[in-house]
Amino acid sequence: MTKRDVFEYALVRVVPRMERGECFNAGVIVYCRARSYVAARTHLDEAKLRVLDPEADVAGVRAALRGVEGVCTGGEWAGQAAGDDAGRRFRWLIAPRSTVVQPGPVHTGLTTDPEAEVERLLDLLVR
C-alpha cells in the first residue's frame, strides 16, 4: 500500500465588494508537512468577477492571485516570506485578512501526491 500523508488546504476567495460579502473561489493552497510541500494554483473567472462588481480592478485581483502563488513558490517570488519554510508560508497565506483576495477555512485530507491534489482540488472546487 502506498503511504498517504496528511495535507491541509484552503480555498482562495475573491470578495470584490466586501460590504456585500459575496465571494467566489479563485484558487486553492495545499500544504503537506510530511513532504515540506506548499503550492497554490489559481484561476480567475473574470465573468463572475464582473457580475459581482462591474467596476472591479481585474488586473489588481490577478496580481493578488499571482502573489499567493509566488509566496508558495518561495525564493525571490515570496517577498518577505522568502526565507520561511513551507509551513510558515502556508500559515501566513491562510491568516484571515480583509482584502479582495482572502483565504477560506482550512480543511484536511490524505494524499499520496500533494502536487496532484492541488490540480484535483482546483478542478473540483474552482473551475
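Contact here means heavy atoms within 4.5 Å. The model is predicted.

Start with Asn 25, which sits in strand β2. Leaving aside its neighbours within four places in sequence, Asn 25 is in contact with Leu 11, Val 12, Arg 13, His 43, Leu 125 and Val 126. Take Leu 11 from that list. Leu 11 and Asn 25 are 14 residues apart along the chain, yet their C-alpha atoms are separated by 6.5 Å. Leu 125 is reached in another way: the side chain of Asn 25 comes to 3.1 Å from the backbone oxygen of Leu 125. Asn 25 counts as partly exposed because its relative accessibility is 23%, and buried means under 20%.

Now turn to helix α3, residues 86-94. Which residues of α3 are buried? They are Ala 86, Gly 87, Arg 89, Phe 90, Leu 93 and Ile 94. These residues lie on the same side of α3, because they cover an arc of only 165° around the axis. They pack against β1 (5-14), β2 (24-32), β3 (37-42), α2 (58-73) and β4 (101-111).

One of these partners is helix α2. Two packed helices are described by the angle between their axes and the distance between the axes. The axes of α2 and α3 come within 9 Å and cross at roughly 160°. That makes α2 roughly antiparallel to α3. From α2, Val 68, Val 71 and Cys 72 meet Arg 89, Trp 92 and Leu 93 of α3. By class, this contact has five nonpolar residues, one charged and no polar.

Notes
Residues are numbered from 1 along each chain as its sequence is written. This is a predicted model: local features need pLDDT of at least 70, side-chain atom pairs count only at pLDDT 80 or more; totals for chains, interfaces and linings use all residues. Side-chain values use heavy atoms; hydrogens and water are left out. Buried means under 20% relative accessible area, exposed over 50%, partly exposed in between (1.4 Å probe, protein chains only). Helices (H or I, at least four residues) and strands (E, at least two) are DSSP runs, numbered from the N terminus. The arc is that of the directions from the helix axis to the C-beta atoms. Axes are lines fitted to C-alpha atoms, for helices over the stretch in contact, and angles run from 0 to 180 degrees between N-to-C directions. Angles under 35 degrees count as roughly parallel, over 145 as roughly antiparallel, 65 to 115 as roughly perpendicular and the rest as oblique. Ala, Val, Leu, Ile, Met, Phe, Trp, Tyr, Cys and Pro count as nonpolar, Asp, Glu, Lys and Arg as charged, and the others, Gly among them, as polar. A polar contact is a pair of N or O atoms within 3.5 Å; within protein, one must be able to donate a hydrogen and the other to accept it, and residues adjacent in sequence count only if both atoms are side-chain atoms.
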